[in-house]
Amino acid sequence: MPSRKKAMGKAKKAAKEEAAAATQAKAGTNNDHQSPTRPTLTSRGVDNVLRGIESMKPCITHGFRLELLPTMRICGVFIDAFTEAYRISLQMESNVITALNAASAVCNKPMFGPVWNDVAKMEYVMAYYVTKGVKYILDEGRDDMAHNFAVFANYFEQTIGVANKTQPEVIPAKLAELLNGDMNTLVKYFRQHIPCNCLDEKYKEVKSITKLGFCCYSECPIPNRTVERKKMLYCTQCRVANYCSRECQVAHWPDHKDGCLKYMEKKAKLPI
Ligand SMILES: [Zn+2]
Ligand SMILES: [Zn+2]
Ligand SMILES: [Zn+2]
């Protein structure tokens, strides 16, 4: 006759097994209606998953989905045309905003309609520029090039914002900030736009660098028009034009007035 203690132990074991089976069954019904035969994830399975993640390093595309390229071919053609038109325009004009507008005008062809009018394709274009910028920082140490790619990425990010009615128009100050800005601003921008943690180390290196802004007044007396961002003055109406000083703000007002008013009118029409 089995002892009382043994019987208790057996009963406990049986109850435990039953509970475990119930949990498994529950997990099966909750998570997988379609294929109830799917094996339950054991601790060994988790180890395999972790090993799988480990083997994905080093991250190559930083979130850019290369596998979508066959269905996004037009984006590749668009990127090529846009980048080239920008480069040519920049050589002649030396103004980034003008060059971006010129590149947009060159790419304003019927064949690129499906890109401009499809937010998913615009996001794909943006992700490409983000990835290129990250690669220039991490693989090639070409921070100068990375600034350009941040400008491209942000230009399309803002274009998407306009299409989604979350902002009235493309704001040049943000683009100028990325183009002329410090490494803290640049790395932070890219880091916020990738799903991986590839820029975490780099960001630790640069995050104490003072963030710089770019004075909107073209005749600004400060070299490179760059100034500590937190000391900048913002236009009290639009909140997007920013200046190094009261003097620049006042001097820019005759030029800014019309644009500021139009911006505010467009902004008022946006759904909040
Ligand atoms: Zn990555
Ligand atoms: Zn200034
Ligand atoms: Zn304003």
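Mentor: Let's start with Arg239, which sits in the loop between strand E3 (233-234) and strand E4 (242-243); helices (H or I, at least four residues) and strands (E, at least two) are DSSP runs numbered from the N terminus. Arg239 isn't a glycine, yet its phi is positive, at about 65 degrees. Keep in mind that this is a predicted model, where local features need pLDDT of at least 70 and side-chain atom pairs pLDDT 80 or more, while totals for chains, interfaces and linings use all residues; side-chain values use heavy atoms, without hydrogens or water. Residues are numbered from 1 along each chain as its sequence is written, with chains lettered from A and ligands numbered from 1 in the order in which they are written.

Now look at the zinc ion (ligand 2). Its protein donors are Cys215 (SG), Cys220 (SG), Cys244 (SG) and Cys248 (SG), at 2.3 to 2.4 Å; a donor is an N, O or S atom within 2.8 Å of the metal (3.2 Å for Na, K and Ca), and since water is not among the atoms, sites may look incomplete. The 4 donor atoms make angles of 102 to 121 degrees, a tetrahedral site, the label for four donors whose angles all lie between 85 and 135 degrees. Ideal angles for four tetrahedral donors are 109.5 degrees. Along the sequence, the donor residues of ligand 2 are spaced C-x4-C-x23-C-x3-C. Cys215, in the loop between strand E1 (212-214) and strand E2 (226-228), and Cys248, in helix H11 (residues 246-269), are 33 residues apart, so to speak a link between distant parts of the chain. Cys215 and Cys248 are both buried, where buried is under 20% relative accessible area, exposed over 50% and partly exposed in between (1.4 Å probe, protein chains only).

There is another zinc ion to visit, ligand 1. Here the protein donors are Cys59 (SG), His62 (ND1), Cys196 (SG) and Cys198 (SG), lying 2.2 to 2.3 Å away. This arrangement is tetrahedral because its 4 donor atoms subtend angles of 102 to 115 degrees. The spacing along the chain reads C-x2-H-x133-C-x1-C. His62 belongs to the loop between helix H2 (43-55) and H3, and it counts as buried because its relative accessibility is 5%. His62 also has a positive phi, about 50 degrees, although it is not a glycine. Cys198, at 23%, is partly exposed.

Next come the cores. A nonpolar core is a set of buried Ala, Val, Leu, Ile, Met, Phe, Trp, Tyr and Cys residues joined through side-chain atoms within 4.5 Å. The largest has 45 residues, and those with the most contacts inside it are Phe78, Phe82, Leu100, Tyr129, Phe156 and Phe190. Helices giving two or more residues to that core include H3 (73-93), H6 (119-138) and H9 (183-192). Another core, of 16 residues, lies apart from it and includes Met232, Ala241, Tyr243 and Cys244.

H6 deserves a stop. It has 20 residues and reaches 28 Å from first C-alpha to last, close to the expected 28 Å, which is 1.5 Å times one less than the number of residues. Its buried residues include Met122, Val125, Tyr129 and Ile137. Among the elements covering them are H3, H7 and H9. At its start, a side-chain oxygen of Asp118 comes within 3.0 Å of the backbone nitrogen of Ala120.

H9 is largely enclosed by the rest of the structure, because 7 of its 10 residues are buried. Those are Met183, Asn184, Thr185, Leu186, Val187, Tyr189 and Phe190. Their cover includes H6, H8 and E1, through contacts, meaning heavy atoms within 4.5 Å. Asp182 caps the N-terminal end of H9, with a side-chain oxygen 3.0 Å from the backbone nitrogen of Asn184.

Last, Gln167, in the loop between H7 and H8. It counts as buried because its relative accessibility is 16%. Its side chain makes a polar contact with that of Gln158 (2.8 Å); such a contact is a pair of N or O atoms within 3.5 Å, where within protein one must be able to donate a hydrogen and the other to accept it, and residues adjacent in sequence count only if both atoms are side-chain atoms. Gln167 and Leu270 are 103 residues apart in sequence but 7.6 Å apart in space, C-alpha to C-alpha.

Terms used
Tetrahedral: all angles 85-135°; square planar, octahedral: opposite > 155°, others 65-115°.
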